[in-house]
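Please find below a colleague's note on the model shown here.

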Amino acid sequence: MEQTESQVVEAHVPCPDCGSSDAMCVYDDGHSYCFSCNVQHQNKEQQQTKATKPVTKGGVVSPVDLNLGALTARGISMETCKIYGYYKGFRHDRPAQFACYIDEAGTVIGQKVRYADKTFETLGNLERRFFGQHLFTSGKKLIITEGEIDCLTVSQIQGNKYPVVSLPNGAQSAKKTFESQYDWLEGFEEVIVMFDMDKVGREAVDSVCGILSPNKLKIATLPLKDPNECLMQGQASAVVNAVFRAKTYKPACIVNGEELWETLSTEQEEAQGYPLPWDIDLQKMTLGLRKGELVLITAGTGTGKTTFVRQLAHHCGVNLGLKIGMLMLEENVKRTAKGIMSIHTGKRLALNRHLITEDEYKDAFDATLGSGHFIFYEHFGSLESDDLIKNIRYMATAEQCDFIILDHISIAISGLEIDNERKATDVLMTKLRSLAEETGVGMLVVSHLKRVDGTPAEEGGAVSLSHLRGSQALPQLSDGVWALERNQQADDSEKNLVRVRILKGRFTGETGIAGYLAYDKETDRLVAAEKPHKKDIDLGNDDDVPF
């Protein structure tokens, strides 16, 4: 736009449209023009000829002191802004945009002031009203967005013909605004929420679930973050499509069976899990380890639980190439690392690293720890439960571990600020189970047995679920429970024999004795062993007599 010579520039000021510091010129007749974004603002007399002076209350800025204009940076026309009462002006000598909240009588009762640095200020009282609510009383479809700009965007894309409103204070105000305006919302046949496609937006959707009558709430899904981004990226049609394809809200945890065909038809065969390192009945009865499952491993003190899970870790990490997270709470990382290398070399390196040469030691490191398949938790003596869960989640998500070993749960419980051990066990097991379901990581959790004189655990007899230390959450929330039984009072030739018993097997349903392992002190490994004969060891009944 050309300015005539008769027009005198009175001042250079910041532009409320583009944010330029001095590109806007204010002329002697009261109008202004920005030479950066080419937007002209009318003087007050010109504005008042187009509309009567609006009524205001509550300390808001009167629209007659503001300007109507297009939001060029957002692709919004002046006509759309005029319909909704979205103005531009200055507050505290700063360029700003003013979204007017208007009641049924046409009074401006509140304003959302948006500054160029994206900070906000609220004037007056929004009274839990939607922006644009005064324009509509009822109808077939109502679309609700998170913010005012998105509201203007969706309305303009549809020719400003259909009801569109927005939340007064973003996603966090969704629930209370829906509750406050329940009667008004019920006047529409369908209420379509078009919140931002991010975590906050999804949480806002969940927060309004169940407020409206059944099947009224529908969810629109966009290809980009919000409606205005779609408009600016040339995907305005996607907004219209999202309106007509909006689906009736259903909690994510509710699944209709007819929706499962794609999942079931494309899934990989899961019956055969990852194989175990021993050729014993445990493999046949469990079909191996599966991700997403939680297996509890239990035994009496000194029975060999740590050796058992350490060998599982080595097998999965080295032989199967899986990534293993290890939280060994009874030992430091150095001891755990040497234990993995000991299994690999067949030498008890934790006692003496010089049992092999330096070159062999380096080769063992490269083949195990150096592979990057083992992630350790260095607890430094601190066992705060919240930190423990946070770090397990990190192993599962950021490190993308396939399996996580926690040895053992009793120490982890000691980090909880709960006096009741049973309740503490419930809390931790619930969190672990949820993590396994959420992330798909497999979990091997070690648990001790009750310390009661004369229990089978102390004499090598049969272990049952009732011997588990803690609450019923241990067996209930586990997919499998494996017990190790060893008679530590037997002769030297027999006391290193470990009997494996399945107490629970959710996947196959198999329970009972699952084979025997023998500990080899020379190699620091558990190896498959034959079932001992009565003539060699007086076993009696395997289910109730110590061996």
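**Notes on the predicted model**

1. E148 is buried, with a relative accessible area of 7%; buried means under 20% relative accessible area, exposed over 50%, and partly exposed in between (1.4 Å probe, protein chains only). The model is a predicted one, in which local features need pLDDT of at least 70, side-chain atom pairs count only at pLDDT 80 or more, and totals for chains, interfaces and linings use all residues. Residues are numbered from 1 along each chain as its sequence is written, and side-chain values use heavy atoms, with hydrogens and water left out.

2. The side chain of E148 meets that of K112 in a salt bridge, at 2.9 Å from N to O; the term denotes a side-chain nitrogen of Lys or Arg within 4 Å of a carboxyl oxygen of Asp or Glu. K112 lies in strand β7 (residues 108-115) and E148 in helix α3 (residues 148-157), so the pair ties together parts that are 36 residues apart in sequence. Helices (H or I, at least four residues) and strands (E, at least two) are DSSP runs, numbered from the N terminus. K112 is counted as buried because its relative accessibility is 9%.

3. The whole structure contains 21 salt bridges. One of them joins the side chains of R506 and D479, with 3.1 Å from N to O. This pair links distant parts of the chain, 27 residues apart: R506 is in the loop between β20 (497-505) and β21, and D479 in the loop between α18 (473-476) and β19 (480-485). R506 has 42% relative accessibility and therefore counts as partly exposed, whereas D479 is buried at 9%. Both residues belong to a network of salt bridges that also links R433 and E437.

4. A further salt bridge is formed by R499 and E485, whose closest N and O atoms are 2.7 Å apart. Here strand β20 supplies R499 and strand β19 supplies E485, the two residues being 14 apart. R499 and E485 are both buried.

5. How do helices α12 and α13 cross, and at roughly what angle? The axes of α12 (residues 333-345) and α13 (residues 358-367) come within 10 Å and cross at roughly 105°. Axes are lines fitted to C-alpha atoms, for helices over the stretch in contact, and angles run from 0 to 180 degrees between N-to-C directions. The two helices α12 and α13 are therefore roughly perpendicular to each other, a class that covers 65 to 115 degrees, with under 35 roughly parallel, over 145 roughly antiparallel and the rest oblique. From α12, K338, M341, H344 and T345 meet Y361, A364, F365 and A367 of α13; contact means heavy atoms within 4.5 Å.

6. H314 is found in helix α11 (residues 305-319). With a relative accessible area of 9%, H314 is buried. Beyond its neighbours within four places in sequence, H314 is in contact with N319, I340, I343, H344, T368 and F374.

7. D520 is found in strand β21 (residues 512-520) and, at 29% relative accessibility, counts as partly exposed. D520 and G346 are 174 residues apart in sequence, yet their C-alpha atoms are 9.4 Å apart in space.
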